[in-house]
Amino acid sequence: MSLRIAVAGAGGTVGRRLTAILAADHDVLALTRSPVRAARLGVRGRLVPADFGVRAGLNRALDRADALFVATFDPTDPRHDEHLASAARAAGVAHVVKLSALAVTDPDAQDLVTRWQRECEQLWQASGLTWTFLRARAFMSNCLSWAGAVRSGAPVATLYGDAPNACVDPADLAETAARALTGPGHAGRAYALTGPAAVSAREQVAHLARLLGRPVRHEELTERQALDRWCARHPRALAHALLESARRQAAGAKASVAPDVTLVTGRTPATFDAWARRHLDAFR
């Protein structure tokens with residue numbers, strides 16, 4: 001049965017992949033702050049302008065939607081999920097699939113971002129909609145931020161470069177989200193979504209070097225160097241949250257692998273090597 005599915009954050013890493021999966025069989029409302037940018041990124045479906053920081057207008061954006069996918073990221077401002085939940089109730093949306101973080105299950109994770117993710121989950125649990133949470137590890141695509149350094153021959157600089165993370169391919173997240181939005185049996189479920197093995201930043205760099213056929217050097221940052229870099233790009237509170245997260249990773253908190261991608265999709269999640277092969281042109 002064809003459904004009308006709203007994708008909040010359609011221009012994001014997972015959202016644009018999700019619209020491509022859904023558009024073949026469903027009516028997709030691609031909610032985005034910038035439809036022009038979303039079109040340039042190849043977002044599929046009907047591009048619907050939506051500012052999640054403003055409650056007015058979201059009812060119309062969600063008009064007659066059966067289900068809603070939510071990917072938001074502003075831990076300094078919780079209104080985005082509050083506004084979407086209120087509008088979803090008013091529009092009669094039945095089910096929400098919320099992209100969350102696996103760190104919410106770790107009692108030692110008390111940084112700003114993780115606390116915000118927990119609050120978002122609690123908000124959707126109290127929303128009156130049925131819900132599914134996709135609790136993901138770090139995206140493999142995060143290493144695209146290294147592409148400029150790799151192309152220019154500069155070292156890839158990271159904090160705790162030997163710390164393992166069971167990072168996940170965003171394409172696997174999108175397929176899992178599509179199943180949870182369109183199939184039965186996912187209401188009230190929280191899925192732990194990881195890759196098939198934990199890899200460190202140093203190992204990711206080694207994969208890229210092998211695939212490119214040339215040396216790529218890894219450089220270890222100190223905590224102070226990493227914090228200074230994050231503070232230059234993010235609010236200070238968020239930069240400190242990233243540092244706390246990195247410390248937990250160094251202690252092994254993000255190394256465990258979960259079976260839920262396979263449970264939902266029926267196939268093994270992609271390895272980092274497979275992800276890197278598909279995106280190698282970005283590093284050339």
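**Helix packing and nonpolar cores**

Glu223, Leu227, Trp230 and Cys231 of helix α9 are in contact with Arg236, Ala239, His240, Leu242, Leu243, Ala246 and Arg247 of helix α10. Seven of the residues in this contact are nonpolar, one is polar and three are charged. The model is predicted.

**α9 and α10**
- Helix α9 spans residues 223-233 and helix α10 spans residues 236-250.
- Their axes lie 8 Å apart, at an angle of about 140 degrees.
- The crossing of α9 past α10 is right-handed.

**Buried side of α1**
- In helix α1 (residues 15-22), the buried residues are Gly15, Leu18, Thr19 and Leu22.
- These residues sit on the same side of α1 because they cover an arc of only 100 degrees around the axis.
- Their packing partners are the strands β1 (4-8), β2 (27-32) and β4 (67-70), together with helix α7 (170-182).

- In soluble globular proteins, nonpolar side chains tend to be buried together.
- The largest nonpolar core here holds 29 residues, and those with the most contacts inside it are Leu18, Leu22, Phe69, Leu99, Leu134, Leu173 and Leu181.
- Helix α7 gives the most to this core, with six residues.
- A second, separate core has 23 residues, among them Leu62, Ala88, Val93 and Phe133.
- Apart from neighbours within four places in sequence, Leu181 is in contact with Leu3, Ile5, Leu18, Leu22, Ala67, Leu68, Phe69 and Val97.

Note on methods: Residues numbered from 1 in each chain as written. Predicted model: local features only at pLDDT ≥ 70, side-chain atom pairs only at ≥ 80, totals over all residues. Heavy atoms only, no water. Axes fitted to C-alpha atoms, helices over the stretch in contact; angles between N-to-C directions. Helix = DSSP H or I, 4+ residues; strand = E, 2+ residues; numbered from the N terminus. Left-handed = near helix turned anticlockwise from the far one by under 90°. Contact = heavy atoms within 4.5 Å. Nonpolar A, V, L, I, M, F, W, Y, C, P; charged D, E, K, R; others polar. Buried < 20%, exposed > 50% of the residue type's maximum accessible area, 1.4 Å probe, protein only. Arc of directions from axis to C-beta. Core = buried A, V, L, I, M, F, W, Y, C linked by side-chain atoms within 4.5 Å.
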